[in-house]
Amino acid sequence: MRTYLLTPCLILLSCLNLLAQPAPDFSITDSEGNSHQLYADYLNQGKTVVLKLFFTSCPPCNAIASSIEQLNQEWGGGNNDVVFISLSILSNDTDNLVNNYKANHGITYPGASPAGGSLAATAPYQNGTYGFFLGTPTFVVIAPDGTVDYDPRGPNQAATIMEVDAAIEATGAQRPLVSLANTGSAVDPQNDGVAGMSLEIVELDSMVAQTNSTGSYSFNLQVMPGQSYTVRATKNINPTNGVSTLDLILLSQHILGVQPITDPERLLAADANRSGGVSLLDQIRIRKLILSIDSDFGEQPSWIVIPADYDFQNPEAPFDEVYNGNLNQAILTPGSLQSLQWKAIKVGDLNLDANPRD
């Protein structure tokens, strides 16, 4: 009985010893004639190396190629802590075939054919030294200390990408920051530039820009990749700007049906108490502001911000779609410059004479 128990333990220890072996060094020449040495060029420089074992006519390798290139870019495209290298395991692959494979999938990281030494470099990962070889593509993630994470793999392509990504993170590599850039402008209902509008990134809980005297703004941040960011536009200063007894008269005419307000932007301006409608209570709120009894509109900000080209679904009752939505927000994706145009509506200003620079 003791012998039977001991044998599996010895096999397990033997497997653990194999898996604990550091990655063997290799020297290759890629398909474009550049030489690469695993330790001297990368691991000894603190880099994590991701090997992709493939061959150019392998259908799964072609299917996953663009996703791996995207992952390569997320980790810095070889310019930061992580370097991707593809190694062909097929003796018939040539440098030209590898170059064509790279071009077809927009691959920017190096690849080597057998002519450049790929077969010798991949042999330890096919002969069982680090585990069973299940075919291509197989990924090998090597930490700077030579530790091997062999064949991180999921049940499908997306899951495999996630497993490779997690294996890279486990090596201590730092994902590089990427650019989050945005330009834009804000105008009032009369298309005059609105100054002093604040732009903040919700996920960072930070104001990043304000519109200038012409209503323009721009910002360029360094942020973590792999997620979207929300920019929120607000202006909540100088509540009395543009608010006068003339606005009270216009509001009374609307309430009495003498001269109804039909423009959705002016209806929003009339809803001073943010009740979702226009009534005598709004008239009272505006009067208190004019008489300095109140210093602001309470829950209603002094300006309502919406997209400049917004098309109201219900122009006669625009309140719900503005108050219950996120019209003053937009989703930004890192890595590309996006431009946004906003419109700011001054609350309480029914005759549209507010100073947009105040």
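Figure 1. The view comes from a predicted model. Asn-191 belongs to the loop between β8 (178-187) and β9. Its phi is near 65°, a positive value in a residue other than glycine. Most residues other than glycine have a negative phi.

**Figure 2. Ser-292, a residue with positive phi in the loop between α9 and β13**. The helix α9 covers residues 280-290 and the strand β13 covers residues 303-307, with Ser-292 in the loop between them. Ser-292 is not a glycine, yet its phi is positive, at about 65°. With a relative accessible area of 60%, Ser-292 is exposed.

Figure 3. Most peptide bonds are trans. Pro-137 is placed in the loop between α5 (118-122) and β6 (138-142).

**Figure 4. The aromatic pair of Phe-54 and Tyr-101**. The structure holds 8 aromatic pairs. In the pair shown here, the ring centres of Phe-54 and Tyr-101 are 4.8 Å apart and the planes stand at 40°, so the pair is tilted. A pair of aromatic rings is described by the distance of the centres and the angle of the planes. The pair links distant parts of the chain, with the two residues 47 residues apart. Phe-54 lies in strand β3 (residues 48-54), while Tyr-101 lies in helix α4 (residues 95-105). Are these two residues buried or exposed? Phe-54 is buried, with a relative accessible area of 0%, and Tyr-101 is buried at 3%. Phe-54 also has a charge over its ring: the charged end of Lys-52 sits there, 5.1 Å from the ring centre.

**Figure 5. An aromatic cluster of tyrosines**. Tyr-125, Tyr-130 and Tyr-150 form one cluster.

**Figure 6. Glu-200 in strand β9**. The strand covers residues 198-201. Glu-200 has a relative accessible area of 18% and therefore counts as buried, the cut-off being under 20%. Which residues does Glu-200 contact, leaving aside its neighbours within four places in sequence? They are Ser-206, Met-207, Val-208, Thr-230, Val-231 and Arg-232.

**Figure 7. An open sheet of 4 strands**. The strands follow the order β11-β8-β15-β13, and their pairing is mixed. The edge strands, β11 (216-223) and β13, each pair on one side only. On average, neighbouring strands of this sheet are turned by 30° against each other, direction ignored. Between β8 and β11, which run antiparallel, there are 8 bridges. Thr-183 has Ser-218 in β11 as its bridge partner.

**Figure 8. Confidence along the chain, and two stretches with pLDDT below 50**. The mean pLDDT of the chain is 94, and 94% of its residues reach 70 or more.

Notes: Residues numbered from 1 in each chain as written. Predicted model: local features only at pLDDT ≥ 70, side-chain atom pairs only at ≥ 80, totals over all residues. Heavy atoms only, no water. Buried < 20%, exposed > 50% of the residue type's maximum accessible area, 1.4 Å probe, protein only. Contact = heavy atoms within 4.5 Å. pLDDT = per-residue confidence, 0-100. Phe/Tyr/Trp six-rings, centres within 6.5 Å; stacked < 30°, edge-to-face > 60°. Lys NZ or Arg CZ within 6 Å of the ring centre and 35° of its normal. Pairing = 2+ DSSP bridges. Axes fitted to C-alpha atoms, helices over the stretch in contact; angles between N-to-C directions.
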